Structure formats: structure tokens, C-alpha cells
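Please open the model in your viewer and keep the selection panel at hand. The stops below say what to select next and what is there.

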Amino acid sequence: MPDKGLGTARDLLKAGRRVLVLTGAGVSAESGVPTFRGSNGLWKTHRPEQLATPEAFRSDPRLVWEWYSWRRNIVNTCQPNLAHKALAQLTLLNGEARIATQNVDGLHLLALEEASQIADIDPPPKARPLELHGSLFRVQCNNCHVKSNHRGPIDTTSTRALPHCRECGTLLRPDIVWFGEALNAHTLEEAMTCAGAAEVCLVVGTSSAVYPAASLPLLTRRAGGVVIEVNPEATHLTETSHISVRGTAVHIVPEILSQ
Ligand code: BV8
Ligand code: ZN
């Protein structure tokens, strides 16, 4: 049974240089971003296979863009919370600490940009979070294979009004990894390498239900590292965690990262 030790977690994170942080929707919950599988999660009102698959996009791009436009509008009103900020500080000050996030809300990157401005430090390359499942605010052309930032409003009134590639006219899709799609090979390889080398894998706010992201802490454990989970509830990972701290990201993460 995992230790619930907040103090032990803090000591391990203080001692551990090579830290991989894996986050999920729960780290952004207190910023107002809906989670997927919780009581009022996204998957309660929408079926993932209806919205988060390439087949769904092929059959009804307007519906899929409507869902992402709705999520973009919500996230545009959200700010990084104290957990995002504490994690940004960690990666800014510890060049060996990395964040791999399943989230597509961009709040880790925003927190890092804010932290580096306040500290007047250029973030080390490894401080940039690995976005395993892409970003709500990037689009990609399946024809040109070009990705670009896109933060403006999406006109979902007709398929023709949806965003199209300026170069070739192809309908653009969100730069999001859907079910059944491979993650970006380089990003995944980088995350797996970090997981295998980590002394500590800190897992915050994920149900650990989705692979291959959920396999990352198992790589740390297999290589002899420590797995620390922060979640108000037990998850698929809890039994294999060395420490599972019950609590929310905003209450626990700043506490266990406080030096
Ligand atoms: C792939 C995009 C293969 C949409 C998402 C084994 C190996 C490989 C694949 C599989 C496998 N087994 C099954 C698969 C298939 C599938 C999969 O994992 N299915 C699951 C459901 C069984 N995986 C895939 O399809 C992946 N692709 O492997 O392709 C391949 C290889 C080569 C060539 C071709 C194909 C793709 C996976 C990515 C799918 N895309 N999202 C979008 O985001 O719009 S997944 C979706 O779930 C989100 O991205 C989300 O990030 C992710 C995980 O969810 P969580 O973040 O954990 O969120 P959740 O709501 O579940 O949990 C929130 C947690 O927070 C809870 O525990 C809650 O207690 C906690 N919480 C709440 N409040 C707080 C809190 N914690 C802290 N503080 C709080 N305040
Ligand atoms: Zn194009």
C-alpha cells in the first residue's frame, strides 16, 4: 500500500535532481478547465469516439470543431494556478526537471513564460513542457503537414467557414492527438527517455487511463526511481505508486515542492 507521506514526498523531490512530472486534466481543474472522466467531466456529456477520433473529424468536422471551439473559449478565460506556477519554478530552476503533460490547454507553457519573466531568466530548453497530446491553440494541415498557432475565434457556422490552409485550401484540424493516433514520435521518445532516467516521477491530476502516457511512471519505477502521485482520488496508478498523496494539485504541489 503506498505511503501517503507528504513529508516523504517533499524530501524525495528535494533530493531528486532528475524529476519527470506527468500531468493530466486534474492539474488544470482549479484553473476552471473541465476534466474528462470526473463527475462533471467532458466525457459525461460527450462521447470521446464521437469527438476525439480522426473518424469523427472525417464524418462531421463541424461538430468536432464546435467542441474544440467551445473548449478553446473556456481555456481562454483560464489562468495558470499555483500548481502550474510551482511546477514552472521547478523546471526553471532545476535544469534536470521536465514536465510531460497530457493536457492541451497550454497552461504549463503560460506559467513557464510568466515565471521566466518574473525571474528574468531565460528558461533552459528542457523547461519547455512536452505536450504529449498536442495543443488546443495549434492547427495542422494534413496535406502540407504544417502546424501553426491559431488562437482566434473559429467560425463553425458551416464547413466552408471552418479554418482552411492558406497554402493548399485543405480543411485544417486541431493539432491534437486523437484516440487511435500515434503521438509525435520525438516527443514520446523524449518523455520515455526522461521517465527511464528519472529519480522521481511526480504524477499530478491524471486518472492514468490513457496510454502510452500512463506508461511513463512505470518506466521510472522499472528503472529504480520513485513514483509519487498527487490526486484527490485513487487511480489506476495508485497501487503501483510508492507514495500517493490525497489532495488537490493547488494544495499539494506547492507544498511538496517548497524548498
Ligand atoms: C495510440 C485528445 C497507437 C482529445 C486524448 C496501450 C498502448 C497504446 C495505446 C493504447 C493502449 N491501450 C489502449 C490504447 C488506445 C488508447 C487508450 O489509451 N485508450 C484508453 C481510453 C484505454 N490510446 C490511444 O489511442 C493513443 N494513441 O496509442 O495510438 C498507435 C501507434 C502507432 C500508430 C498508430 C496508432 C492516443 C491517446 C491520446 C488520446 N487523446 N485527448 C482532447 O484532449 O481533446 S486522451 C484524453 O485523456 C486527454 O488528452 C487527457 O489528457 C487524457 C487523460 O485524461 P486525464 O488527463 O487523466 O483526465 P481525467 O479526466 O481522466 O482524470 C482527471 C484526474 O484528475 C482524475 O484522476 C481526478 O481525480 C483528478 N483531479 C480532479 N481534480 C483535481 C484532480 N487532481 C488534482 N487536483 C485537482 N483539483
Ligand atoms: Zn495545406
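The model is predicted, so local features need pLDDT of at least 70 and side-chain atom pairs count only at pLDDT 80 or more, while totals for chains, interfaces and linings use all residues. Residues are numbered from 1 along each chain as its sequence is written, chains are lettered from A and ligands numbered from 1 in the order in which they are written, and side-chain values use heavy atoms, with hydrogens and water left out.

**Stop 1: strand S2**

Select residues 97-101, which form strand S2; five of its five residues are buried. Buried stands for under 20% relative accessible area, exposed for over 50%, and partly exposed for what is in between (1.4 Å probe, protein chains only). Strands (E, at least two residues) and helices (H or I, at least four) are DSSP runs, numbered from the N terminus. Ala97, Ile99 and Thr101 point one way from S2, whereas Arg98 and Ala100 point the other way.

Two strands count as paired if DSSP finds at least two bridges between them. Val21 stands opposite Ile99 in S2.

**Stop 2: the largest pocket**

Where is empty space left? Rolling a probe the size of a water molecule over the atoms shows it. On a 1 Å grid over the protein atoms alone, a cavity is a set of points where a 1.4 Å probe fits but cannot get out, and a pocket is an open set with protein on both sides within 12 Å along at least five of seven lines; lining residues have an atom within 4 Å of a point. Grid points are joined across faces, edges and corners, and a volume is the space filled by probe spheres set on the points.

Select Ala25, Thr35, Phe36, Arg37 and Ser207, which lie nearest the centre of the largest pocket among its 45 lining residues. The space in this pocket is about 930 Å³. Helix H6 (61-75) is one of the elements that each supply at least two lining residues. The largest pocket lies between domain 1 (1-33 + 80-133 + 183-259) and domain 2 (34-77 + 134-176), because both give residues to its lining. These bounds come from an automatic or database domain assignment.

**Stop 3: the cavities**

The whole structure has two cavities of 30 Å³ or more. Of the 13 residues that line the largest cavity, Val33, Pro34, Phe36, Arg71 and Asp105 are the closest to its centre. The largest cavity holds about 120 Å³ of space, and the largest share of its lining, three residues, comes from H6.

For the second largest cavity, of about 30 Å³, select the residues that line it, including Thr101, His108 and Glu131. Helix H8 (residues 107-119) gives the largest share of that lining, three residues.

**Stop 4: two single residues**

Select Thr206, in the loop between strand S7 (200-204) and helix H10 (216-222). Is Thr206 buried or exposed? Thr206 counts as buried because its relative accessibility is 6%. Leaving aside neighbours within four places in sequence, Thr206 is in contact (heavy atoms within 4.5 Å) with Gly24, Gln102, Asn231 and Thr235.

Finally, select Leu93 in helix H7 (residues 82-93). Leu93 counts as exposed, because its relative accessibility is 58%.
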